[in-house]
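Good morning, colleagues. Please have the sequence and the model open while I speak.

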Amino acid sequence: MSKEVEYIYDPRGFGTLFINRADKKNAISRTAAIELNNLIDQIEIDQIKFLVINSAKSNVFCAGGDLNDLNDELTNDEAYEDLKLMKNFLFKLATFPLPTVALLHGIALGGGCELATACDFRIAKEDTRFGFVQANLGILPGWGGGALLYEKVAQTFAYKWIMEAEIYSAEYLKENGWIHKIISTKDWNEDNLLKTYLKRSHGQMLHLKSQYLEKVNLEKIYEDMDLESSRSASLWESEEHKLAVSSFLKK
């Protein structure tokens, strides 16, 4: 049986954290969240120039949290403990000592957008769409990705996107600063996607990321992410959330 998450080392000088759940739309289960935390802690930084987040071939990059685990039967406290797993991973990803790149080959929803937001750079395939849709489930972003979104785009846009829970095109999100590059389907291959990053040395990448991290308040970011997870969990037992999840699972 294949693992839900794998770390793949590429001798060209990068590593990939690979979500291998195509049959579940690459949704993150509790097991996958634990594996992601363990794997990122074990990466040998000196061997790579940058880290890639990718997922199994599907029209979905990541559908967010697996609702078989993050279901409507959890109490607020139980929900917070589960959300905390991915919140901790996203903080590790956001503060990883080398550049991180999300390769968005398909739609990302909810936590999938949170995962992408935790990366430094987001490269999208043409005709892809993305949505912070958690508000449609009666909750907030639960992994701290909404707090990170406020750091990555204009605050008014972050507020609007999270509140309205719209699904936007890659083109629109590039205009608003969330997507950095859009690549055509025919050009979608690692050599083309990663050529700029592969040209840099390990030392360059280490110093570039260090310089970036020196400009942000890491303690405040962690506090903001944790507060968001806590606020999302506080809505878990609400009638709005229970009805929304129940309706989704029936589909």
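Lysine 160 is partly exposed, because its relative accessible area is 31%. Please bear in mind that this is a predicted model. The side chain of lysine 160 meets that of glutamate 164 in a salt bridge, with 3.2 Å from N to O. Glutamate 164 also counts as partly exposed, at 34% relative accessibility. In general, an α-helix has 3.6 residues a turn, so residues three or four places apart point the same way.

Helix H5, which covers residues 155-164, also holds tyrosine 159. Is tyrosine 159 buried or exposed? Its relative accessibility is 55%, so tyrosine 159 counts as exposed. Together with Tyr150 and Met163, Tyr159 makes a nonpolar surface patch of about 350 Å².

Alanine 165 lies in the loop between H5 and strand E9, residues 167-169. Its phi is near 55 degrees, a positive value in a residue other than glycine. For context, most residues other than glycine have a negative phi. Alanine 165 is buried, since its relative accessible area is 7%.

Let me now turn to the chain as a whole. The protein chain has 11 helices and 10 strands. Along its principal axes, the C-alpha trace spans about 50 × 40 × 40 Å. For 251 residues, a compact globule would have a radius of gyration near 18 Å, and the 17 Å of this chain agrees with that. Of the 251 residues, 51% count as buried.

In helix H3, residues 111-118, eight of the eight residues are buried, so the helix is largely enclosed by the rest of the structure. Among the buried residues of H3 are Cys113, Glu114 and Leu115.

The other element is strand E2, residues 14-19. Six of its six residues are buried, so this strand too is largely enclosed by the rest of the structure. As a general point, side chains in a regular strand alternate between the two faces of the sheet. Which residues of E2 lie on each side? Phe14, Thr16 and Phe18 are on one side, Gly15, Leu17 and Ile19 are on the other, and all are buried, leaving both faces covered.

Strand E3, residues 50-55, runs parallel to E2, and six bridges join the two. Here phenylalanine 18 stands opposite asparagine 54 in E3. From E2 the chain crosses through helix H1, residues 30-42, to E3, and this β-α-β crossover is right-handed.

The loop between E2 and H1 holds lysine 25. Although lysine 25 is not a glycine, it has a positive phi of about 55 degrees. Lysine 25 counts as partly exposed, at 47% relative accessibility.

How many salt bridges does the structure hold? There are 14 salt bridges. One of them joins the side chains of arginine 21 and glutamate 4, at 3.4 Å from N to O. This pair links distant parts of the chain: arginine 21 is in the loop between E2 and H1, glutamate 4 is in the segment before E1, and they are 17 residues apart. Arginine 21 counts as buried, because its relative accessibility is 8%.

Another salt bridge is formed by aspartate 226 and lysine 87, whose closest N and O atoms are 2.8 Å apart. This pair also links distant parts of the chain, 139 residues apart: aspartate 226 lies in helix H10, residues 218-233, and lysine 87 lies in helix H2, residues 76-94.

Lastly, a network of salt bridges links Asp10, Arg12, Glu190 and Asp191.

Notes
Residues are numbered from 1 along each chain as its sequence is written. This is a predicted model: local features need pLDDT of at least 70, side-chain atom pairs count only at pLDDT 80 or more; totals for chains, interfaces and linings use all residues. Side-chain values use heavy atoms; hydrogens and water are left out. Buried means under 20% relative accessible area, exposed over 50%, partly exposed in between (1.4 Å probe, protein chains only). Helices (H or I, at least four residues) and strands (E, at least two) are DSSP runs, numbered from the N terminus. Patches are made of residues with over 30% relative accessible area and no salt bridge: like charges are joined within 9 Å, nonpolar side chains (Val, Leu, Ile, Met, Phe, Trp, Tyr) within 5 Å. Accessible areas come from the Shrake-Rupley method with a 1.4 Å probe; for residues, only the protein chains shown count as cover. A salt bridge is a side-chain nitrogen of Lys or Arg within 4 Å of a carboxyl oxygen of Asp or Glu. Two strands pair if DSSP finds at least two bridges between them. A crossover is right-handed if, with the strands pointing away from the viewer, the path from the first strand over the helix to the second runs clockwise. The radius of gyration is taken over C-alpha atoms; the globule rule is 2.2 Å times the number of residues to the power 0.38.
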